[in-house]
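Me: Please take me through this structure by question and answer, giving the cut-offs of each term as it comes up.

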Amino acid sequence: MLDELVKPYCLTALQREGSGRVFFRRSFSPEMEIMEASSHPSPAPAPISPQRHFYLAVDRIQFKMETLVDLLEMAGRRPWLPMVVCCSTRDELDAVCSSISNISYISVTPLYSDLTEAERALILDKFRYATTKWNQNSASIQSGDEKEEQKSHMIVATDACLPLLASGESSISSSVLINYELPTKKETYMRRMTTCLATDGIVINMVVGGEVVTLKTIEESSNLVIAEMPINIFEMF
C-alpha cells in the first residue's frame with residue numbers, strides 16, 4: 001500500500017550491473033541512504049491482481065521530465081510495447097512529445113482533440129495493431145526490412161482526447177499507462193484506466209511533493225493497491 005510518506009527521490013542515472021540487468025539509481029542524500037539501509041524493512045510483496053499500480057516519486061518538479069525520459073529510454077526498448085502517457089494540458093502534452101521525440105526506438109504520436117475523425121481513427125488503429133503484435137510476442141525475430149516497425153508505440157493524450165466508450169469507441173488497451181500529471185479526482189483516474197489500459201496492464205503514477213496526499217486518497221477511495229515502482233523496471237513486465 002502507498003506509504004504514508006513517500007521518500008523523495010528522482011531517477012538521475014542508470015546503472016548496469018555485471019549481469020547486464022538494468023537498474024534505475026535513486027538519488028538520496030547521505031542521511032536518507034543511512035535511514036533507508038537501517039530502518040526501512042523490505043516491503044511485503046503486493047497481492048497479485050490483473051492490473052498493477054505503481055508510484056514514482058520525483059524529488060523536484062524540474063526533474064520530472066528528465067525522469068520520464070529516463071524511464072522511457074529503458075521501458076521503450078521492448079519491441080511493440082504499447083504505452084500511453086496522460087497529461088492534463090495540451091502544453092504538457094506537447095512538452096512530453098518534444099522530449100520523447102529524440103528516443104529513436106519509440107514511435108510517439110500526440111492525440112489532439114482537434115484531429116479529424118479519419119486522423120484519429122488512423123492513430124488508434126495503428127496503436128491497436130502494435131498492441132496485437134505485443135500480445136502475440138511476434139516481434140522478437142524480424143527481418144531487417146521490418147526493423148523500423150519494431151519500435152515501441154506511444155500515444156500522448158489529455159483527458160479531453162481519450163476514447164469515448166459511450167460513443168462506441170474501443171479502449172486503447174495499452175500495456176503501460178503513465179500518469180505524467182496525476183489526476184486530482186478519482187473519477188478521472190478511473191476513466192484513464194478504463195479507456196487506456198489493458199486488463200493486465202501497468203499504471204505508473206509520477207508524483208511530486210504534496211501529490212502523494214492526492215494519490216493516497218485515490219488509492220483508498222478506489223480500493224487499489226499502489227506500490228513503489230521497482231528499481232529494476234523490468235520486474236514489472
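Reply: Rings of Phe, Tyr and Trp (for Trp, its six-membered ring) pair if their centres lie within 6.5 Å, and planes under 30 degrees apart count as stacked, over 60 as edge-to-face and the rest as tilted. The model is a predicted one, in which local features need pLDDT of at least 70 and side-chain atom pairs count only at pLDDT 80 or more, while totals for chains, interfaces and linings use all residues. Residues are numbered from 1 along each chain as its sequence is written, and side-chain values use heavy atoms, with hydrogens and water left out.

Me: Which geometry does the aromatic pair of W80 and Y129 have?
Reply: A pair of aromatic rings is described by the distance of the centres and the angle of the planes. For W80 and Y129 the centres are 5.8 Å apart and the planes lie at 85°, so the pair is edge-to-face.

Me: Where in the chain do W80 and Y129 lie, and how many residues apart are they?
Reply: Helices (H or I, at least four residues) and strands (E, at least two) are DSSP runs, numbered from the N terminus. W80 lies in the loop between α2 (64-75) and β4 (82-87), whereas Y129 belongs to helix α4 (residues 117-136). The pair thus links distant parts of the chain, and the separation is 49 residues.

Me: Is W80 buried or exposed?
Reply: Buried means under 20% relative accessible area, exposed over 50%, and partly exposed in between, with a 1.4 Å probe and protein chains only. Y129, at 47% relative accessibility, therefore counts as partly exposed. W80 has a relative accessibility of 4%, so W80 counts as buried.

Me: What is the relative accessible area of S174, and which residues is S174 in contact with?
Reply: S174 has its place in strand β7, and S174 is buried because its relative accessible area is 0%. Contact means heavy atoms within 4.5 Å. Leaving aside neighbours within four places in sequence, the contacts of S174 are P82, M83, V84, F127, C196, L197, A198 and G201.

Me: Which distance separates the C-alpha atoms of K133 and P82?
Reply: K133 is placed in helix α4, and with a relative accessible area of 15% K133 is buried. K133 and P82 are 51 residues apart along the chain, and their C-alpha atoms are separated by 9.4 Å.

Me: At what angle do the axes of α5 and α6 cross?
Reply: Axes are lines fitted to C-alpha atoms, for helices over the stretch in contact, and angles run from 0 to 180 degrees between N-to-C directions. Angles under 35 degrees count as roughly parallel, over 145 as roughly antiparallel, 65 to 115 as roughly perpendicular and the rest as oblique. Helices α5 and α6 are therefore roughly perpendicular to each other. The axes of α5 (residues 186-196) and α6 (residues 211-222) come within 10 Å, and the crossing angle is roughly 75°.

Me: Which residues of α6 do K186, Y189 and M190 meet?
Reply: K186, Y189 and M190 are in α5, and their partners in α6 are I218, S221 and S222.

Me: Which residues in α5 are buried?
Reply: The buried residues of α5 pack against elements including β3 (52-58), β8 (197-208) and α6. They are Y189, R192, M193, T195 and C196.
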